[in-house]
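Trainee: I have a new model open and would like to go through it with you. Could we take it slowly, one topic at a time?

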Amino acid sequence: GTGSGSLSHALIRTVAPTGHLYTVEFHQQRAEKAREEFREHGVEHLVTVTNQDVCKNGFGVSNIADAVFLDIPSPWEAIGHAKSALKAEGGRICSFSPCIEQVQRTCLAMEEYGFTEINTLEILLRVYNVRTISLQIPDLGKAAEGNSSTGFDSSNSSNQGSLCTNLQQGTVQFKSGVPLREMVGHTGYLTFATKS
Amino acid sequence: KIIFEKQWFYLDNAIGHTYGTTFEVTSGGNLQPKQEVEESTTETKEAGTDNRNIVDDGKSQKLTHDDIKALKDKGIKGQEIVQQLIENSTTFRDKTEFAQDKYIKKKKKKYEAVITIVKPSTRILSTMYYAREPGKINHLRYDTLAQMLTLGNIRAGNKMIVMETCAGLVLGAVMERMGGYGSIIQMYPGGGPVRAATSCFGFPKPFFDNLHEFPLSKVDSLLSGTFSTETLPSEPEDNVLVEEETNGLTDEKQISLQETEEESTTETAMEINQTEEHDTMDINTEDVEFKENKEKENKDNVREKQRKQWERRKKLIETAALLTEKNADGLIVASKFHPTPLLLSLLEFVAPSRPFVVYCQYKEPLLECYTKLRERGGVINLKLSETWLRNYQVLPDRSHPKLTMSGGGGYLLSGITVVLDKGKSDSSHLEALKMEEPSSKRCKVQDLHC
């Protein structure tokens with residue numbers, strides 16, 4: 001499932017200079033565009049793009065892959081082909097699917113084809129913005145005899161400890177790693193397994 | 001005999017089998033390749049519909065601890081024990097099919113001693129360390145490590161600087177990605193680098209040819225131009241040879257001296273053997289010869305120690321030269337130390353337009369690091385992140401996230417170096433700090449040349 005070729009580039013970077021990537025894309029224009037980009041980026045000797053349906057016709061190689069990655073709508077239909085493309089023992093497979101139903105079908109297929117250590121997980125990237133935050137100190141008034149019982153009086157700097165107080169404005173400043181207001185909550189589930 | 005997961009067994013029978021072979025532990029503690037057993041799925045098992053009538057009084061299993069122990073001692077296979085437990089459970093057939101599955105799985109895990117031996121890799125070692133010895137790796141979770149390898153663009157041919165106190169796991173991961181190509185300089189605190197985990201990877205010897213190390217305690221002097229090999233970490237300050245001038249000469253001297261020493265030792269050894277055969281040897285002569293041999297032995301030891309020391313100094317100078325080139329392709333930091341001082345100094349050795357990644361178990365030190373880096377300048381694309389990891393149980397009609405998940409796997413601060421414009425006044429940096437930082441823009445790079 002070459003698609004944009006983004007993952008392919010990352011994989012090529014990882015297996016260079018002695019490894020090779022075989023990538024299959026069933027859409028003819030996308031396959032051609034990928035080939036062009038690999039050429040432009042000077043990595044065409046490290047990758048073979050095949051234009052076919054991996055579910056029907058497989059990867060075009062047998063018994064050599066250290067790992068197979070599937071990013072297609074019906075990965076369970078490609079499990080058998082993935083198995084024959086993988087080396088005899090110890091090869092790894094990973095399937096990426098947005099829907100849990102796809103994951104269920106894929107896990108079942110993996111089991112049927114004798115894969116072991118089947119494990120599904122999801123990973124989310126959380127980014128933080130580093131910000132200096134100023135929080136105002138509330139005005140709780142003053143006790144009648146000027147005996148401040150609260151330790152958070154802005155004029156009582158000895159109580160601040162590790163907080164930086166801006167005495168004039170009655171604020172407290174601190175550094176924080178602030179999460180973004182909205183984050184990507186889901187892209188897909190990753191299912192890994194071993195060919196044993 | 002080794003112990004693993006409460007099982008005692010000998011590894012002898014494993015030799016010769018391929019990686020990935022599954023063994024059973026026999027009653028004698030030996031390994032035996034496990035035969036593939038066909039699970040009987042054809043017969044419809046008797047099962048209930050729900051647990052409304054099942055009372056958990058702890059008495060449903062008729063076999064006692066002693067009964068089970070007796071079975072184990074008889075050498076009965078784990079599979080059989082599980083079968084016995086099922087047959088002696090009064091509530092088993094009332095359980096739902098799902099509950100029965102769960103019960104069998106649980107008993108199998110406890111009584112079937114099945115071991116699979118796998119080839120080490122970053123994936124396996126990082127998972128094991130995180131599960132069993134997280135303290136040794138500063139709680140670096142395996143997905144965080146994966147992020148580091150990608151953010152750091154670790155690949156064959158790089159000249160990497162690695163500073164870690166993760167038992168050598170991070171170093172091993174970097175070495176695995178580099179496949180023996182390129183070079184790595186490992187910065188280390190104290191007397192020497194810890195590479196306990198690195199040796200578990202099973203790398204071929206050539207991988208270590210381009211692995212260098214350099215003590216952190218010498219970094220300041222290296223940066224300020226006052227570096228010398230006068231004192232090596234945890235070494236006594238003895239008479240030092242001025243290597244740079246007498247390198248060649250000392251080398252030859254050492255080798256020729258060693259050769260003569262070796263020759264005389266073998267001669268004396270032969271003499272000792274001969275004298276022992278003659279019972280009527282004078283004891284005094286023996287004594288003197290013994291003393292002479294001892295003296296020669298001590299001289300040998302001293303020579304050997306000096307030679308090793310000389311080797312160390314030579315390597316140190318070479319590594320210092322590599323660092324002062326200031327052209328490393330990347331920097332990885334993953335240690336128990338506060339990241340800021342490490343980053344600020346080690347970044348000096350990295351070429352511009354190169355990635356760096358810092359791992360910290362806690363977020364706050366990275367907040368400070370971020371701020372200091374902004375003040376320093378010479379970095380872009382600073383990103384503070386963490387990855388959230390969740391495992392799933394995927395079974396027909398029973399799919400859901402697992403009960404427990406890791407609370408945290410550490411934090412990463414990553415960025416790219418740029419040419420440090422020392423001419424710019426610092427006030428512009430301080431201004432940026434006062435204002436709200438803009439959100440990261442996506443830049444289009446027109447000409448992409450690899």
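Mentor: Let us start with a term that we will need, because a salt bridge here is a side-chain nitrogen of Lys or Arg within 4 Å of a carboxyl oxygen of Asp or Glu. Please also keep in mind that this is a predicted model. With that said, the side chains of B:R141 and B:D143 form such a salt bridge, with 2.5 Å from N to O.

Trainee: Are B:R141 and B:D143 buried or exposed?

Mentor: Both B:R141 and B:D143 are buried.

Trainee: And how many salt bridges are there over all chains?

Mentor: A search of the whole structure, over all chains, finds 21 salt bridges. In chain A, A:E117 and A:R92 are joined in a salt bridge by their side chains, at 3.8 Å from N to O. A:E117 belongs to strand 5 (residues 115-136) of chain A and A:R92 to strand 4 (residues 92-97) of chain A, so this pair ties together parts that are 25 residues apart in sequence.

Trainee: What about the accessibility of A:R92, and that of A:E117?

Mentor: A:R92 counts as buried because its relative accessibility is 17%, and the cut-off for buried is under 20%. A:E117, with a relative accessible area of 46%, is partly exposed.

Trainee: Which residues of chain A are linked in a network of salt bridges?

Mentor: A:K33, A:E36 and A:E37 are linked in that way.

Trainee: Back to chain B, then. What separates B:K294 and B:E297 along helix 9?

Mentor: B:K294 and B:E297 are 3 residues apart in helix 9 (residues 283-324) of chain B, so about one helical turn separates them. Their side chains meet in a salt bridge, with 3.8 Å from N to O. B:K294 is partly exposed at a relative accessible area of 38%, and B:E297 is partly exposed at 40%.

Trainee: Changing topic, how many helices and strands does chain A have?

Mentor: Chain A has 5 helices and 8 strands, and along the sequence they follow the pattern α-β-α-β-α-β-α-β-α-β-β-β-β. Chain A has 196 residues, of which 34% count as buried.

Trainee: How do strand 1 and strand 2 of chain A run, parallel or antiparallel?

Mentor: Strand 1 (residues 21-24) and strand 2 (residues 47-50) of chain A run parallel and are joined by 4 bridges. Between strand 1 and strand 2 of chain A, the chain passes through helix 2 (residues 28-40) of chain A, in a β-α-β crossover that is right-handed.

Trainee: Which residue of strand 2 stands opposite A:T23?

Mentor: That residue is A:V49, in strand 2 of chain A.

Trainee: What kind of peptide bond runs from A:A16 to A:P17?

Mentor: The bond from A:A16 to A:P17 is cis, with omega near 0 degrees. A:P17 lies in the loop between helix 1 (6-15) and strand 1 of chain A. For background, most peptide bonds are trans, and most residues other than glycine have a negative phi.

Trainee: What is the phi of B:K326, then?

Mentor: The phi of B:K326 is near 50 degrees, which is positive in a residue other than glycine. B:K326 is in the loop between helix 9 and strand 9 (330-334) of chain B, and with a relative accessible area of 38% it is partly exposed. B:S353 also has a positive phi, of about 65 degrees, although it is not a glycine, and B:S353 sits in the loop between helix 10 (339-346) and strand 10 (355-360) of chain B.

Trainee: What domains does the assignment give for chain B?

Mentor: The domain assignment gives domain 1 (2-37 + 45-117) and domain 2 (122-227 + 326-385). Taken over C-alpha atoms, the centres of domain 1 and domain 2 of chain B are separated by 43 Å.

Trainee: And which residues form the nonpolar patch on the surface?

Mentor: The patch is formed by B:I2, B:F4, B:L11 and B:M128, which together have about 300 Å² of accessible area. B:L11 lies in the loop between strand 2 (7-9) and strand 3 (22-25) of chain B, and at 38% relative accessibility B:L11 counts as partly exposed.

Definitions and conventions: Residues numbered from 1 in each chain as written. Chains lettered and ligands numbered in written order. Predicted model: local features only at pLDDT ≥ 70, side-chain atom pairs only at ≥ 80, totals over all residues. Heavy atoms only, no water. Domains from an automatic or database assignment. Patch = residues over 30% accessible without salt bridge, like charges linked within 9 Å, V, L, I, M, F, W, Y side chains within 5 Å. Areas by Shrake-Rupley, 256 points an atom, 1.4 Å probe, with all protein chains shown as cover. Helix = DSSP H or I, 4+ residues; strand = E, 2+ residues; numbered from the N terminus. Buried < 20%, exposed > 50% of the residue type's maximum accessible area, 1.4 Å probe, protein only. Pairing = 2+ DSSP bridges. Right-handed = clockwise from strand over helix to strand, strands pointing away.
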